[in-house]
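Please look over the sequence and the three-dimensional structure shown here.

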Amino acid sequence: MKKQNLVIVGGGSTYTIGMIMSLIAEKKNFPLNSITFYDNDEKRQEKVAKATSIILDEYYPELESFHYTTDKETAFTGIDIAFIQIRTGGLQMRELDEQIPLKYGVVGQETCGPGGMAYGLRSIRDMIELVYDIKKYSKDAWILNYTNPAAIVAEALKREFPQDPKLLNICDMPIAIMHSFATMLNKNIWDLVPSYFGLNHFGWFTKIEDSEGNDLTQIIKDTIMGEGFVPTDQEIANDQSWQQTFEQARKMLIDFPEFLPNTYLQYYLYPDDLAKKESLTNTRARQVINGREKRITELCNQIIQDKSTKNVELHVDIHGVYMVKAAASLVYNLKQTYIVMVENNGIISNIPDDAMVEVPALLTASGPKPFSVGKIPTFYKGLIENQFAYEKLVADAYFENSYTKALQALTLNRTVVHVPTAKAILDDLIEANKGYWPELQ
Ligand SMILES: NC(=O)c1ccc[n+]([C@@H]2O[C@H](COP(=O)([O-])OP(=O)(O)OC[C@H]3O[C@@H](n4cnc5c(N)ncnc54)[C@H](O)[C@@H]3O)[C@@H](O)[C@H]2O)c1
Ligand SMILES: O=P(O)(O)OC[C@H]1O[C@H](O[C@H]2[C@H](O)[C@@H](O)[C@@H](O)O[C@@H]2CO)[C@H](O)[C@@H](O)[C@@H]1O
Ligand SMILES: [Mn+2]
């Protein structure tokens, strides 16, 4: 097994320590020669990198080298694979993305609705630049992106880098939901076989089987409708916001019992209820700043102060393990099945070919090989086509510098609809995103 040279772009991310623990847990399946961090915020990255260096000394002594840098040439030369996890504008801009729509009574969310559009218009430029730069210094490297809003980033990257089998967008939400299914069923998560279709943060499980082919879907539905649904991955199990989000699955299933919903659908199916529950001074960004970000900063400080991990609790989360296992399947041609984003091209036969759909695919050394889904029922087709039109219009707005396309996008979005509201939110977002967005005319 050839050992891999990995760069983590966005080394200062709150997910990096979890990713490092996953790389350690999976070192037999995804052996590494080197890890490099790249970030454009030297200070933020340095703290995480110093703690990482201590963790790696303790748990990965056989690793040849670990470096961190803010220089792209140093970071991207000689690498086999890049994981990208950046947040253009940081959690501060996420807070504005959530607060601005909320001021107008519209859901304030990281990847859904106007907040998602705002974040998308910031992410696209950095993501395109990073992919070009990685390819410049390591033209054959795999690029695994999970930067959000992944649906919009995937649409933009597909246009800029068409048909690139080594560039893959991936999300952890389906596997986090499957984690809860596995716990509920008392089964090993990796033995569950999902049938799933949709767009990123906008999809449904049509079936869950075990490795022997037993259909477990009805048991899962009955349990959720009877007892509710809870997050079980350690990272989110005790988080009140995620508990409330998972609980909404029961409501969605009672209203639409056909398929098991991705939890993100709550924002599109009950937008007004969710907006009413949100608080301008405590949107999710503020909770993350006071929660995950603070916890990771304290954890790094403790490790650095002790020069050891003896006084901290480190754990492997499903987010990191999923990305690492998927990467291993790609580079070692393991042909394992993961839910990823790919260009439709007939997979879902009655929606547009150019949609970036999220479906199960075999991950192989020549890229993802998605399974066919076939025709989907009218309700889901209607929802997906509307959402895909919104995503396309956001990418159009970016590439064409078009105010009109951005306004059309927001008007189509199920969380907005009302044109004057769309206009007011868009104008506020333009003001807040000066320097991040293209100039819309
Ligand atoms: N796809 C998924 O399911 C999934 C799951 C978890 C997180 N995410 C995404 O991962 C990303 C990181 O999330 P976070 O909460 O840890 O954010 P964060 O702000 O803590 O970390 C992001 C890091 O990226 C750096 N950065 C920003 N722009 C950069 C650029 N152009 N080049 C290099 N570095 C840059 C920042 O300095 C920061 O250190 C976000 O996009 C988030 O939405 C996606
Ligand atoms: O609101 P946040 O920042 O806590 O989470 C937003 C992300 O939520 C989903 O991902 C993960 C989560 O980040 C992680 O900690 C994991 O253990 O559980 C969540 C559910 O899968 C979502 O898929 C991401 O795209 C969001 O960024
Ligand atoms: Mn996601």
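**Reading the features of a predicted model**

Q: Which residues are closest to ligand 2, and how many surround it?
A: A residue counts as near a molecule if its C-beta atom, placed from the backbone, lies within 6 Å of it. Here 14 residues surround ligand 2, and the closest are Asp172, Met173, Ala176, Glu235 and Ile236. The elements that give two or more residues to this shell are helix 7 (173-185), helix 9 (234-237), helix 13 (284-306) and helix 14 (318-331). Helices (H or I, at least four residues) and strands (E, at least two) are DSSP runs, numbered from the N terminus. By class, the shell around ligand 2 has six nonpolar, two polar and six charged residues. In this scheme Ala, Val, Leu, Ile, Met, Phe, Trp, Tyr, Cys and Pro count as nonpolar, Asp, Glu, Lys and Arg as charged, and the others, Gly among them, as polar.

Q: What kind of model is this, and how are its parts numbered?
A: This is a predicted model, in which local features need pLDDT of at least 70 and side-chain atom pairs count only at pLDDT 80 or more, while totals for chains, interfaces and linings use all residues. Residues are numbered from 1 along each chain as its sequence is written, and chains are lettered from A and ligands numbered from 1 in the order in which they are written.

Q: Which residues come nearest to ligand 1?
A: Of the 26 residues around ligand 1, the nearest are Gly10, Gly12, Ser13, Asp41 and Asn148. Helix 2 (42-59) and helix 4 each supply at least two residues of this shell. Its classes are eight nonpolar, twelve polar and six charged residues.

Q: Which residues does the UniProt record cover with the annotation "binding site"?
A: UniProt positions are given in the numbering used here, feature names are shortened, and annotations may be inferred rather than shown by experiment. The unreviewed UniProt entry places "binding site" on Arg94, Asn148 and Arg284.

Q: Is arginine 94 buried or exposed?
A: A residue is buried if 20 or more other C-beta atoms lie within 10 Å of its own, exposed if 12 or fewer, and partly exposed in between, with C-beta atoms placed from the backbone. Arginine 94 has 25 other C-beta atoms within 10 Å, so this residue is buried. Arginine 94 lies in helix 4 (residues 90-103). Arginine 284, found in helix 13, also counts as buried because it has 21 C-beta neighbours inside 10 Å.

Q: Which members of the largest nonpolar core touch the most others?
A: A nonpolar core is a set of buried Ala, Val, Leu, Ile, Met, Phe, Trp, Tyr and Cys residues joined through C-beta atoms within 7 Å. The largest one has 132 residues, of which Ala82, Leu144, Met323, Ala327, Val357 and Val394 touch the most other members. Beyond residues up to four places away in sequence, alanine 327 touches Phe30, Ile81, Trp142 and Leu144.

Q: How many helices and strands does the protein chain have?
A: The protein chain has 17 helices and twelve strands. Of its 441 residues, 48% count as buried.

Key
Two residues are in contact if their C-beta atoms, placed from the backbone, lie within 7 Å.
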